[in-house]
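Me: I have a structure open and want to learn how to read it. Can you take me through it feature by feature?

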Amino acid sequence: MRDLTTKTKLYVLLGNPLGHTISPPMHNLAFEKLSMDCCYFPVEVSAEDLGTVFKGLSKMNVGGLNVTIPHKIGIMDFLDAIDPIAATIGAVNTICMENGKSKGFNTDGEGFIQSLEEEANISVAGKRFFIIGAGGAARAISMTLAFKGAEHIFLYNRTQEKAQSLVSEINEKIRHCAEAVGSEIHFQKEALGSCHILVNSTSIGMHPDIDALPIDPSFLQKELIVADIVYNPRETKLLQVAKEKGCLTVAGLGMLIYQGVAAFKLWTGIEPPVVEMREKVYQLMKEKD
Ligand code: ATR
């Protein structure tokens, strides 16, 4: 590692806990490959200290920040400006600092879309989506899809009221393009039959419950693109079943990588070395297995 000086631009990840984060090695590799005098490091901070720590950082040579669980909503109170998509989502995961002024963005949905567009070689505009989940991740993904011109978004969630409330928000605040799917099985089958892309944005299938499926696999037709935001395991049961049916699949690690790529571009205006970043992340995940 090169020597750090007072000129080194600092990039900081705020969250708690941060023990397993892969963001520092991913971003530091990009800075190194581009010979940029920058350094990315994680800071664990409690909700109580968030404001004090953020104010302190804004007095330092900080170029940008990432914010993760549990501070994506709380950090908004301390920002000078918020991008309209992040404001609508109601959560910030990336902050740009310029002349001591902060602006918040949300690259989670953008990261998902870029990963999907790259890996499935499609454009989300004009496509019909079936999204499972109505939590924070589903919110960022479905709202960004609505902003980016998805034709229709079906939302299906175990707790139906949460799906309905997210649908109302999308239709009122962005565009009238979302619809909740009822819990009866024939509603799911019918809605999914009219879609191009299925997205699991719940934690179903995540380690250790790796055999769990978020939907009846008999509904998967081979024309469907199937994406999962779960990246541990790297290939979930849903993706395995979908592959067996002949579907094109998109794994969750891509979203993790591209939300970082989108943040890097916002901070620096430079396209980072995605191939090397991806290799690094895959290598780190393998070491964890
Ligand atoms: P995140 O921020 O990662 O999206 P979250 O906000 O806690 O996390 O949301 C988790 C999502 O996974 C929710 O849609 C949740 O469904 P409920 O709203 O009904 O709780 C969904 N989820 C998690 N475990 C689930 C399970 N075993 N079966 C069905 N849905 C599940």
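Me: Start with the overall layout. Into which domains is the chain divided?

Reply: Keep in mind that this is a predicted model. Domain 1 covers 9-106 + 254-288, and domain 2 covers 109-251. Their centres, taken over C-alpha atoms, are 26 Å apart. The contact draws 17 residues from domain 1 and 21 residues from domain 2.

Me: How do I judge the interface? What area is buried between domain 1 and domain 2?

Reply: The size of an interface is often given as the accessible area lost when the parts come together. Here domain 1 and domain 2 bury about 1600 Å² between them. Carbon and sulfur atoms give 68% of that area. On the domain 1 side, Thr88, Met255 and Tyr258 lose the most area to domain 2. Together these three account for 38% of what that side buries.

Me: What about polar links? How many salt bridges and polar contact pairs cross the interface of domain 1 and domain 2?

Reply: Side chains of opposite charge can pair when their charged atoms come close. Across this interface there is 1 salt bridge. Arginine 278 forms a salt bridge with glutamate 119, with 3.4 Å between the closest N and O atoms. There are also 3 residue pairs in polar contact across the interface.

Me: Which helices each supply at least two residues of the side of domain 1 that touches domain 2?

Reply: Look at helix H3 (84-89), helix H9 (253-268) and helix H10 (274-288). H9 gives the most, with 8 residues. By type, the residues on this side of domain 1 divide into 10 nonpolar, 4 polar and 3 charged.

Me: Now the ligand. Which residues are around the ligand?

Reply: Begin with the glycine and alanine residues: Gly133, Ala134, Gly135, Gly136 and Ala137 are among them. Asn157, Arg158, Thr159 and Lys162 also belong to the set around the ligand. Thr202, Ser203 and Ile204 complete it.

Me: What lies 2.9 Å, 2.7 Å and 2.5 Å from an oxygen atom of the ligand?

Reply: Alanine 137 places a backbone N or O atom 2.9 Å from a ligand oxygen. Asparagine 157 uses its side chain, with an N or O atom 2.7 Å from an oxygen atom of the ligand. Threonine 159 also uses its side chain, where a polar atom lies 2.5 Å from an oxygen atom of the ligand.

Me: Back to salt bridges. How many does the structure hold?

Reply: The structure holds 10 salt bridges. One of these links arginine 139 and glutamate 169, whose closest N and O atoms are 2.9 Å apart. Arginine 139 lies in helix H5 (residues 136-147) and glutamate 169 in helix H6 (residues 160-173), so the pair ties together parts 30 residues apart in sequence.

Me: Last, the backbone. Which peptide bonds are cis, and where does a positive phi occur?

Reply: Most residues other than glycine have a negative phi, and most peptide bonds are trans. Now look for exceptions. The bond from asparagine 16 to proline 17 is cis, with omega near 0°. Proline 17 sits in the loop between strand E1 (9-15) and helix H1 (23-33). The bond from asparagine 232 to proline 233 is also cis, with omega near 10°. Proline 233 is in the loop between strand E11 (225-228) and helix H8 (237-244). Serine 35 has a positive phi of about 50°, although it is not a glycine. Serine 35 lies in the loop between H1 and strand E2 (38-44).

Definitions and conventions
Residues are numbered from 1 along each chain as its sequence is written. This is a predicted model: local features need pLDDT of at least 70, side-chain atom pairs count only at pLDDT 80 or more; totals for chains, interfaces and linings use all residues. Side-chain values use heavy atoms; hydrogens and water are left out. Domain bounds come from an automatic or database domain assignment. Contact means heavy atoms within 4.5 Å. Buried area is the accessible area (1.4 Å probe) that two parts lose on being put together, summed over both. A salt bridge is a side-chain nitrogen of Lys or Arg within 4 Å of a carboxyl oxygen of Asp or Glu. A polar contact is a pair of N or O atoms within 3.5 Å; within protein, one must be able to donate a hydrogen and the other to accept it, and residues adjacent in sequence count only if both atoms are side-chain atoms. Helices (H or I, at least four residues) and strands (E, at least two) are DSSP runs, numbered from the N terminus. Ala, Val, Leu, Ile, Met, Phe, Trp, Tyr, Cys and Pro count as nonpolar, Asp, Glu, Lys and Arg as charged, and the others, Gly among them, as polar. A residue is near a molecule or strand if one of its heavy atoms lies within 4 Å of it.
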